[in-house]
Amino acid sequence: MLKPLKKLKHALGRYFKGNPAAIIGTTIVTTIIVACLAAPLLTDVDPNRRVARGHQPPSADLIFGSTRAGKDIFSQVLYGGRVSLMVAFTAAIMTTVIALAVGVTSGYVGGKTDETLMAFTNILLVFPQLPLLIILAAFLGQVGPFIIAMILGFTSWPWGARVMRSQTLALRNKEFIVAAETMGESKWRIILIEIIPNLISLVAGMFVGTCLYAIGAQAGMEFLGLGDPTVVSWGTMLYWAQSSAAFIVGAWWDFVVPGTFIALMGGGLALLNISIDQISNPKLKTGAYIKIWRRMKAEVEARRKGAAS
Amino acid sequence: MAFILRRLAFYIIAIFVAITFNFLIPRMMPGDPVDALFAAAGGRIPPEQLDAYKEMLGFVDGPLWVQYLQYLKSILTFDLGPTIMMFPVQVTELLQRTVPWTIALSGTATLISVVVGCFIGLYASYNRGGFVDRFYPVFWQFMASMPQAVTSLFIFFIFAMTLKWFPLGYGADPDLDPAFTWEYIRSILHHAVLPMVTLFVAMLATWIFTMRNAMVNVLGEDYITMAKAKGLSARRIMTHYAARNAILPVVTAVSMALGFAVAGQIFVETVFNYPGIGQMMFKSVGARDYPMMQACFLLLVLFVLAANFIADVLYVLLDPRLRK
């Protein structure tokens, strides 16, 4: 019982030590996620109910003020965060699964399959994402969060698929894969047991990266009025703030609050991504480790000089 | 040469995929978009125009392939018909007005961020583990990860609405006549500052990381050790040995980024009310102006493809290993 806990503590300690980006990023992201999940505990106000006069500034009763329609922004931002985070996670899971499937199949099977899949991937890759999303959403009419997640999931996998493929190609000729093939293991077993576990750090990085992208893309699409404005989410909050002229009447809290949540979530996820990168690619590492390494190098050189004289 | 021809073939296929996508999308959606479009226009468009639109969008009687050929014909002859939101104006004419603004804005912003980012990246790799190396890339990445819709809103609110340092919209002062005078140019520059700062913040981190990581890779090469062994100064090694080779991935990334930057400034142009393609696309979405929307999309795809092609050509020119 205690042993796995200790192991976990050790692993976490190694992840966070001397890595301020990881500490700050994890703190921001977990705080926002927990706050959104605990929304019913933190507020008993219905985000869709009119509770005050329009555009009331932040006060003791309304921590973040009210919207033009008199809704409590604090409650909206927490409940809206659930929708936004849900969209981001769904899109990220879809993207990661598709990218993994396409990339590993392409890289491991090779031949004609590889050529066809990569031709398709490369063509999708050169399409500018944002205009593509806008065209799709515009023709579908005002789309709900679920459709947004689907659109994001189906359009953002090509880059990840390429990365997975090149990593699979690099793994394919390693001894342990050749050994597994010689032992007559099935292709499925090799893919699932031998290859995919070695892609885990890439998968984690990709998942976080796609979450980050999906938060921004969803907020952007809804901000442009392509989403369903009756659903409360961070993007539609920005949309309503913009369309109710919050700027002009000076009701800054109406867009600063959802904007800050989106920005913090984006920044926090980026920090997580950087720290994952530094672990999976130690060559690019910076930070305290380099200092330790430099000190050790100086000591070794000093000893060498001492020995020579 | 074979490499370039192969890439060219790839881009031509990609263009056809984009056109086909544009062709299929209205057909996969429920309802007839031409009818919907007329309903949205609300009597601004004469009914005679209906047939012309149907022909232009390929909604002619006949099997799908006849419709497709009709659509191809209208695209390849640049006959995109009139817009809906500003009815008698042609789509191509409206687009022509927006393109220079977008290209000038994204081009300048990209170049500035590349130059600044490369210097920071170079400096960071030169002083590995120093303050700049530890703090700058992470900080700018944090800034860049804020969605552009949010950063542009904040910058707009603080510097244009509250402090009133910069104008609230347009590419230049609408009272001035467009002319090659100092006054007009100054007005253009004044209007471009905030959108450019937003794009700069969004892009800087990419270049810091690209340059720094390219440098880190190059610094591990044997010829760097050789240069050190020769006793060259650290500065000379950095500029003449490392940076020259590290710049290769940066140059090709720049030309690719230029294409994507043109496609990616929809939010910035919308928030700052800047008269470019992005804002045009946003407006056409609001007006349900499908012909305009599709034309914007196609144009943006063309930009990205052209930029990618230039990147390929540059790669061949700069890397002798590919020229064999």
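Biologist: Does B:K164 count as buried or exposed?

Modeller: B:K164 counts as exposed because its relative accessibility is 64%; buried means under 20% relative accessible area, exposed over 50%, and partly exposed in between, with a 1.4 Å probe and protein chains only. This is a predicted model, in which local features need pLDDT of at least 70 and side-chain atom pairs count only at pLDDT 80 or more, while totals for chains, interfaces and linings use all residues. Residues are numbered from 1 along each chain as its sequence is written, chains are lettered from A and ligands numbered from 1 in the order in which they are written, and side-chain values use heavy atoms, leaving out hydrogens and water.

Biologist: Where is B:K164 found, and what is its phi?

Modeller: Most residues other than glycine have a negative phi. B:K164, however, has a positive phi, near 60 degrees, and is found in the loop between α7 (148-162) and α8 (182-219) of chain B. Helices here are DSSP runs of H or I with at least four residues, numbered from the N terminus.

Biologist: What is the phi of B:N273?

Modeller: Phi of B:N273 is also positive, near 50 degrees. B:N273 lies in the loop between α11 (266-271) and α12 (277-286) of chain B, and counts as partly exposed because its relative accessibility is 27%.

Biologist: At what angle do helices α4 and α11 of chain A pack?

Modeller: Angles run from 0 to 180 degrees between N-to-C directions, with axes fitted to C-alpha atoms over the stretch in contact. Helix α4 (residues 73-109) and helix α11 (residues 200-223) of chain A pack at about 135 degrees, their axes 8 Å apart.

Conventions
Helix = DSSP H or I, 4+ residues; strand = E, 2+ residues; numbered from the N terminus.
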